[in-house]
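Take a moment to look over the model and its sequence. The walk below goes through it piece by piece.

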Amino acid sequence: MRIFGCILSALITIALIYVLNIQLSLSGNKTPRLGFFLSPQTGFWQSAEPINETFNGELKFPQLSGKTEVYFDERLVPHVYAENENDAWFVQGYLHAKFRLWQMDFQTYAAGGRLSEIMGDSSNGTNFLKIDKFFRRLGMVYAAEKSLHAMENDAPLKAACDAYTAGVNAYINSLSEKDYPVEYKLLNYKPEPWTNMKSALFIKYMGWDLAGYEQDFEKTNAKAFLSRAQYEALFPYVLDSIQPIITDPLPRLTHILSVKPPANVDSIYFNYKNVVAPANKPIKPNKENGSNNWAVAGSKTKSGRPILCNDPHLGLNLPSLWFEMQISTPNFNSYGATLCGAPNVLIGFNDNCAWGLTNAERDVKDYYEVKFKDSTMHQYWFDSNWRDAQMRNEIIKIRNKQNDTEHIAMTVWGPVMYDLHYPDKLNSNKYYACRWKAHDESNELGALFRLMRAKNYNDYLNAISIFKCPGQNFVFADKAGDIAIKHQGEFPAVWFRQGDFLMPGDDSSYAWQGYISDSLQPVMHNPERGFVSSANQYPYDPRIYPYYMPAYFSYYRGWLINRSLSSMQNITVDDMKMLQTNFYNLLAENALPVLITYLDISALNNDESKYLNLLEKWNLVNDADSKGATVFKLWVDSCISKIYGDELSQSSLPMPTIEPQAMLKNILKDSAKLFADNINTNETESLNDDITAAFKSIVPVLEKAELDKDFEWGKFKDSHVSHLLKIPAFSHLHVNVGGGVNIINAIGANHGPSWRMIVELTDDINAYGVYPGGQSGNPGSRYYDNFIDTWTKGKYYKIHLYQKDEIASKKTSLGKLIFSKS
Amino acid sequence: MKFIIVLLLVALLGFAAPLYFDWWSFAVTSFIIALFIHQRAFAAFLAGFTGMFLLWLFLTLIIDNANQHILSKKIAQLLPLSGSSLLLILITALIGGLISGFAALTGSLARRSR
């Protein structure tokens, strides 16, 4: 009997270990290996960082050549003092990995279309294989290979990248399984060695985020259903009250490359009614990816020195995109927000100057319809000849499954994104190649690498001159008193509406005919008005600029920033904080009086009038407690759908977004009458009918919000900072804060000012900054999300470009790491 | 006395083994202890169970207290254990205890059946 007991007991033991040592399937998800995960010696408990943790140590590595000291200040910002520059990049790589390893690794898996390797083909309702296929077909890996080539041809940058990569790997190699960040344990995989290619992929991912947005398929569909007059009214190129970024000097109209549309453009392009809808919905970056930046000259400030401000609006995630650092080497001494994944200080300042970036918003991604000889895609028709296509095979590894391979035909335009294997939902058997500026070889990291060591205005101009894509508005200010802004990038010189719709791919005359020369992209330097600013609006006045600028420009933020700065004098840092966190709704100031004029008040019942009353009393500020902001937002959206919805829903195909400023222009210019009548009814609807119906239709939504106690704008909007894996427990949910699209302090649901910085260029630089996250990427650290409350309240931390002995004597420091050669 | 010694040995080797081997290597040490220091089946199980249960309870309590429950609350939401750190700690300790207990029981029965 006992032998049976023994065997039974042994089996139970082995079964327990077995079950707790594998990933179990639980409603479509995989659990971690529970025994390993829960063991206090190997599992997640190892990531539970003591709240009084300090960060001390002496580390020796053969790759280093001198000594580097790292002091952590009370917010866990490392201040790095290196004896030589490459050691500093090694240490930056090491520190990025120490605090953000999982995030860096995961982001490059996403960029390179490799998520299926770690997540499986689908998990928790997300189809990762689809996401991977999209990024592979878009040519992200192809683009990163070209970027890598450019980076590695730039000798000082290559040395920095090599040192950075070595630093990341030195940290990875110091880990045993129990030390891995908790996400690795949850998903049960291991960090892979870092490479310069991973840095290139990460940079390309940022390129996609900022220069990957377009609505070419949607616009092509709209063109098929709308008359040309309707199209121009809905998607106007020129708006009133334009506040371009560069007003002085105006572009010199010399060296103009003349671009002419092809002779057959009307029949083949404008009047060609083509509809298209990819079966796999394209993944698009957030349309609101944008930013504010400005610099005011000493003539307008109290201190007599320039002040520079920047807040990049991006997706809000945990771990945060940003990691604050000071890097001090014999060549430069710089502080700022760094991106984890490459050697850089992206937005910051040094001993002499400060700089900031906003997105140019230019559309540099077009599609061409390619005609292949047959479905093997070996040859395609181009300028009356058959031309050979190269085939690129992208192998996607899938966890626990066989590999999948995407065969992508490469044409003169670029990769064929849509083909018979990655089809069009309409089964039109068409092929579409993607021409994207981000596919071209360029060295953005090299530009940033030079910018962060700029000493003066000329250094700044030289540094950014090689920056091509994603186009950015670079703002600059220095201690000498200069302020400047430039709309920088290599943009195609295109004819009016070129590339807004799908173009024929068999005719080279539809190609981009060249790039806009630098002389037509003037820098605005020390203008008389005493400030420069940008908020993703038109760079130049489109009525006089010689080229068409296809883009997704923003409108109201730039207008309000300029209006505010124009009227301000004796500006202090506090004034700048107020402006950067301003919730005023300029769209409402313009639109509300107009919409109310068209509202048929007599048609409203008591309940409906109550909400109108709220709007009429509203102070036009989108703060967290505002009820008017909620009503206004819903009403504007509803007006757009009532006025234009019938025209655009003539087809079930995806259609472009209609902007409120376009609607407002239509109403004011009386061109809304082109759309007011609901084509689905017998009566003839007027604009009054549409706007009144729009108001009535939002009342049930408002009543429900009131019942659910989430009527106030902050609660209605329900902002959150989500973990990259969308794990609620690792996210910061229900952040009650104002903001919104078109608001300077543009906090959306999961998007907004991802880093706020203000730098006053006094002798001893007076700088402030904050981001919605924390320095540690570890959900078990108190430094994981500790800045969010400060950020929510619109408050800032004082930030310091310390001398080494200053910080060495601070008692509040969280520790000191010493790196040296072994 | 024997019970206490076994319990302490279980905890000691149960701590040491996973420093060098897999997380479950304490099962092997608990088995070996029970094989060489013989107790009746029930006592062996109880000593094996209690040794690891207390070790993991002790370790997690120290870690969790130093961390002021930041991570345990999040993991207890994720697993899901309705955010209860205490429940998570008890389940952790229970897993260590059960594996060790059955390993020790196996060791005890293996010796007597020889």
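Predicted model: local features only at pLDDT ≥ 70, side-chain atom pairs only at ≥ 80, totals over all residues.

Residues are numbered from 1 along each chain as its sequence is written, and chains are lettered from A and ligands numbered from 1 in the order in which they are written.

Let us start with chain B. Chain B has 5 helices and 0 strands, where helices (H or I, at least four residues) and strands (E, at least two) are DSSP runs numbered from the N terminus. Along the sequence, chain B therefore reads α-α-α-α-α. Its C-alpha trace spans about 50 × 25 × 25 Å along the principal axes.

How do these helices pack? Two packed helices are described by the angle between their axes and the distance between the axes. Axes here are lines fitted to C-alpha atoms, for helices over the stretch in contact, and angles run from 0 to 180 degrees between N-to-C directions. Helix α1 (residues 2-20) and helix α3 (residues 41-66) of chain B pack at about 45 degrees, with axes 8 Å apart. That angle makes α1(B) oblique to α3(B), because angles under 35 degrees count as roughly parallel, over 145 as roughly antiparallel, 65 to 115 as roughly perpendicular and the rest as oblique. Residues are in contact if their C-beta atoms, placed from the backbone, lie within 7 Å. Among the residues making this contact are Phe3(B), Val6(B) and Leu7(B) of α1(B), and Ala43(B), Ala47(B) and Gly48(B) of α3(B). By class, the contact has 11 nonpolar, 4 polar and no charged residues; Ala, Val, Leu, Ile, Met, Phe, Trp, Tyr, Cys and Pro count as nonpolar, Asp, Glu, Lys and Arg as charged, and the others, Gly among them, as polar.

Helix α2 (residues 26-36) of chain B also packs on α3(B), at about 145 degrees and with axes 11 Å apart. Here Phe26(B), Ser30(B) and Ala34(B) of α2(B) meet Ala44(B), Gly48(B) and Met52(B) of α3(B).

Now turn to chain A. One open sheet has 11 strands in the order β3-β33-β4-β5-β11-β12-β13-β14-β22-β23-β25, with mixed pairing; two strands pair if DSSP finds at least two bridges between them. Its edge strands are β3 (57-61) and β25 (524-525) of chain A, each pairing on one side only. Strand β3(A) runs parallel to β33 (residues 815-821) of chain A, joined by 5 bridges, and Gly57(A) stands opposite Leu817(A). Helix α3 (residues 85-111) of chain A packs on this sheet and touches β4 (68-72), β5 (78-82), β11 (322-328) and β33 of chain A.

Another open sheet in chain A has 3 strands, in the order β10-β27-β28 with mixed pairing.

Where do the two chains meet? The contact takes 32 residues from chain A and 31 residues from chain B. On the side of chain A that touches chain B, α1(A) gives the most, with 11 residues. That side of chain A divides into 19 nonpolar, 10 polar and 3 charged residues.

Conventions: Contact = placed C-beta atoms within 7 Å.
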